[in-house]
Amino acid sequence: ALSVLPLHNTQAHALSCSTAGGSLGQHFRVLGGAGGGADALEPPLEPALSRLHAFEWVGLTDLLEPSVCLLHYQANGSLPASCDCRAAAPLAMPRFNHGVERRDHEALPAHLQAALDEHTAVDAQLFAAGLRLLLGRLRRVEEATGASLLACVDWTKLHRATYYIPGLWEGPGALSSGSV
């Protein structure tokens, strides 16, 4: 049987599915395939993490400017002066919303928040790993260049947008413990 993939953990599906493994790709799922070829509704985290860590560059829209600065450094071996937080005119990228109003997740009813969390549990872990990876790479660029990149991060805004992700801000390896 073939089914169009629901919007559950779409990023993890995109990073972990493989036609070589019997999948039809990230937008479709084979249900109950013989020989273990069926796609899981909840994709496994480890293959997605493995692919994430294999990327030469990782960026997040939540940290757009530092992500672009990291890309520039990795591509050119140098950092524009505007990437340094101490610059007179720090880098500011334009934001496009394509006509869609961004909504505050706290304004959503609790039952809807719970449903979204359930449908994105693997993606949340993948995001947390990507965020840690990005922050670690930014730290290495700071050490290599003497530039200040992490000081530009609006930590309050980042925490407010991601506080609900298990293990990201509390517990072993939490960002609040200075693990970056």
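The expected span of a helix is 1.5 Å times one less than its number of residues. I keep that at hand for the first entry, and I note that this is a predicted model.

**Entry: helix H3**

I checked H3 against that rule. H3 has 13 residues and runs 18 Å from its first C-alpha to its last, close to the expected 18 Å. Next I looked up which of its residues are buried, and I got Glu 65, Pro 66, Ser 67, Cys 69 and Leu 70. I then asked myself what the buried residues of H3 pack against. They pack against H5.

**Entry: disulfides**

I counted two disulfides. One of them joins Cys 69 to Cys 83, with the sulfurs 2.0 Å apart. I read -95° about the S-S bond, and the link is left-handed. This pair ties together distant parts of the chain: Cys 69 sits in helix H3 (residues 64-76), while Cys 83 is 14 residues away, in the loop between H3 and helix H4 (110-119). Are these two cysteines buried or exposed? Cys 69 has 2% relative accessibility, so I put it down as buried. Cys 83 is at 5%, so I put that one down as buried as well.

The other disulfide I looked up joins Cys 85 to Cys 152, with S to S at 1.7 Å. The torsion about its S-S bond is about -140°, so this link is left-handed. Here too the pair links distant parts of the chain, with Cys 85 in the loop between H3 and H4 and Cys 152 in the loop between helix H5 (121-145) and helix H6 (155-162), 67 residues apart. I find Cys 85 buried, because its relative accessible area is 18% and buried means under 20%. Cys 152, at 40%, is partly exposed. Numbering the bonded cysteines in sequence order, I wrote the pairing as 1-2, 3-4.

**Entry: Ser 148 and its contacts**

I went on to Ser 148, in the loop between H5 and H6. Its relative accessible area is 14%, so Ser 148 is buried. What does Ser 148 touch, leaving out residues up to four places away in sequence? I listed Cys 83, Asp 84, Cys 85, Arg 86 and Glu 142. That list includes a cysteine from each disulfide, Cys 83 and Cys 85.

**Entry: salt bridges**

I counted two salt bridges. Asp 84 pairs with Arg 86, and their closest N and O atoms are 2.9 Å apart. Asp 84 is buried, with a relative accessible area of 16%, whereas Arg 86 counts as exposed at 58%.

The side chains of Glu 142 and Arg 139 also meet in a salt bridge, 2.8 Å from N to O. Why are Glu 142 and Arg 139 separated by about one helical turn? Because they are three residues apart in helix H5. Glu 142 is buried at 12% relative accessible area, and Arg 139 is partly exposed at 32% relative accessibility.

**Entry: nonpolar cores**

I looked for the residues at the centre of the contacts in the largest nonpolar core. Of its 21 residues, Leu 131, Leu 135, Leu 138 and Leu 168 touch the most other members. The elements giving two or more residues to this core are H3 and H5. H5 provides the largest share, eight residues. I also found a second, separate core of 11 residues, with Leu 49, Leu 52, Val 122 and Ala 129 among them.

For Leu 168 I noted contacts with Ala 128, Leu 131, Arg 132, Thr 162, Ala 174 and Leu 175, not counting residues up to four places away in sequence.

**Entry: Thr 162**

Thr 162 was on that contact list, so I looked it up next, since its relative accessible area of 2% makes it buried. Thr 162 lies in helix H6. Setting aside residues up to four places away in sequence, it touches Phe 127, Leu 168 and Trp 169. A polar atom of the Thr 162 side chain lies 2.7 Å from the backbone oxygen of Leu 158. Last, I checked Thr 162 against Asp 62: the two are 100 residues apart in sequence and 9.8 Å apart in space, C-alpha to C-alpha.

How values were computed
Residues numbered from 1 in each chain as written. Predicted model: local features only at pLDDT ≥ 70, side-chain atom pairs only at ≥ 80, totals over all residues. Heavy atoms only, no water. Disulfide = S-S within 2.5 Å. Helix = DSSP H or I, 4+ residues; strand = E, 2+ residues; numbered from the N terminus. Buried < 20%, exposed > 50% of the residue type's maximum accessible area, 1.4 Å probe, protein only. Contact = heavy atoms within 4.5 Å. Core = buried A, V, L, I, M, F, W, Y, C linked by side-chain atoms within 4.5 Å. Polar contact = N/O pair within 3.5 Å; in protein donor to acceptor, adjacent residues only side chain to side chain. Salt bridge = Lys/Arg side-chain N within 4 Å of Asp/Glu carboxyl O.
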